[in-house]
Amino acid sequence: MKQITFRVDKMDCPCEENLIRMKLQDDSSILKLEFNLAERTLNVFHNGDSEKIANELASLNLGSHLTHSKEVETLISTDEDSTQRKVLWVVLAINFGFFLIEMITGIFSKSMGLIADSLDMLADALVYGMSLLVVGAIVSRKKKVALLSGVLQILLALVGLSEVIRRFLGLEMMPNFQAMIGISMLALIANSICLWLLHRTQSKDAHMRASIIFSANDVIINVGVIVAGLLVWWFNNNIPDLIIGVIIFLIVIRGAIRILKLSR
């Protein structure tokens, strides 16, 4: 059995990981895939043609290149036990729950920052759900989920951006900064709990590591919305809310485009 290691320069989120998994899953010679998103490396354990695997990865245009290859005798299996699955389900539920909370609150408080953050929560929940579907799901179902998820995110983000533009062009709608700060602080606590739960597993599993990255990014976004709320209060102006909304909407669209790659 061989272990070949690739450096994948553009693999920086779970979307690229899932893209690679779907590309290689039909190769029966592959016994195991080990992802390290932090170092952007991929270990492939297989008993087939290394060049074929390299060509499959190259076709994804993620900047992959083979770094080294070696013969191995045994395959060390990773534990994908029920504890990890339960943690992922909890994280998914928290993200989807706060998507609903922030969307509803954002609409009533007229805050684009909260609405945008709610879509980011939805995007994360969809990616976590797709990760949980990796095991045992047929290819066509996973591609359909990826397509629907990506299209939904882009449509919602474009609607949000159009509303931001409408407000920039003269419709003065002052958001409720108390709601922005209060709900974002709750979301910050929720995402911090997610981060703590994921770290507690001490897992090197790719999906768990990817989920940690997503939750850490959410914490940063929550802080951004809180700062925007404080600036709205300080300057008595809705521009900070619109700016943070644009930034988050663009992040959601970027993630959606990556997810759409999974449907090809």
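Ile-247 is partly exposed, because its relative accessible area is 44%, between the 20% limit for buried and the 50% limit for exposed. This residue lies in helix H8. The model is predicted. Ile-247 is also one of the residues in a nonpolar surface patch.

**Surface patch**
- Besides Ile-247, the nonpolar patch holds Ile-165, Phe-168, Leu-169, Ile-239, Ile-243 and Ile-251.
- Together the patch residues have about 650 Å² of accessible area.
- Two helices, H5 (139-168) and H8 (239-261), each supply at least two patch residues.
- Helix H8 gives the most, with four residues.

**Overall make-up**
- The protein has eight helices and four strands.
- Starting at the N terminus, the order of elements is β-α-β-β-α-β-α-α-α-α-α-α.
- The protein has 264 residues, and 50% of them are buried.
- The accessible surface comes to about 13100 Å².
- Carbon and sulfur atoms own 63% of that surface.
- Among contacts with a separation of 6 or more, 78% link residues 24 or more positions apart.

**Strand pairing**
- Strand E1 covers residues 2-8 and is mostly covered, with five of its seven residues buried.
- E1 pairs with strand E3 (residues 41-46) in the antiparallel sense, over six bridges.
- In this pairing, Ile-4 stands opposite Val-44 of E3.
- E1 also runs antiparallel to strand E4 (residues 64-71), joined to E4 by seven bridges.
- Here Arg-7 has His-65 of E4 as its bridge partner.

**Nonpolar cores**
- The largest nonpolar core has 35 residues.
- Ile-248 and Phe-249 have the most contacts inside this core.
- Elements giving two or more residues to this core are helices H3 (82-109), H4 (112-132), H5, H6 (177-200), H7 (206-235) and H8.
- H6 provides the largest share of this core, eight residues.
- A second, separate core has 17 residues, among them Leu-19, Phe-35, Leu-57 and Leu-60.

**Contacts of Phe-249**
- Leaving aside residues up to four places away in sequence, Phe-249 touches Met-112, Ile-115, Ala-116, Leu-119, Ala-157, Gly-160, Leu-161 and Val-164.

Note on methods. Residues are numbered from 1 along each chain as its sequence is written. This is a predicted model: local features need pLDDT of at least 70, side-chain atom pairs count only at pLDDT 80 or more; totals for chains, interfaces and linings use all residues. Side-chain values use heavy atoms; hydrogens and water are left out. Buried means under 20% relative accessible area, exposed over 50%, partly exposed in between (1.4 Å probe, protein chains only). Two strands pair if DSSP finds at least two bridges between them. Patches are made of residues with over 30% relative accessible area and no salt bridge: like charges are joined within 9 Å, nonpolar side chains (Val, Leu, Ile, Met, Phe, Trp, Tyr) within 5 Å. Accessible areas come from the Shrake-Rupley method with a 1.4 Å probe; for residues, only the protein chains shown count as cover. A salt bridge is a side-chain nitrogen of Lys or Arg within 4 Å of a carboxyl oxygen of Asp or Glu. Contact means heavy atoms within 4.5 Å. A nonpolar core is a set of buried Ala, Val, Leu, Ile, Met, Phe, Trp, Tyr and Cys residues joined through side-chain atoms within 4.5 Å.
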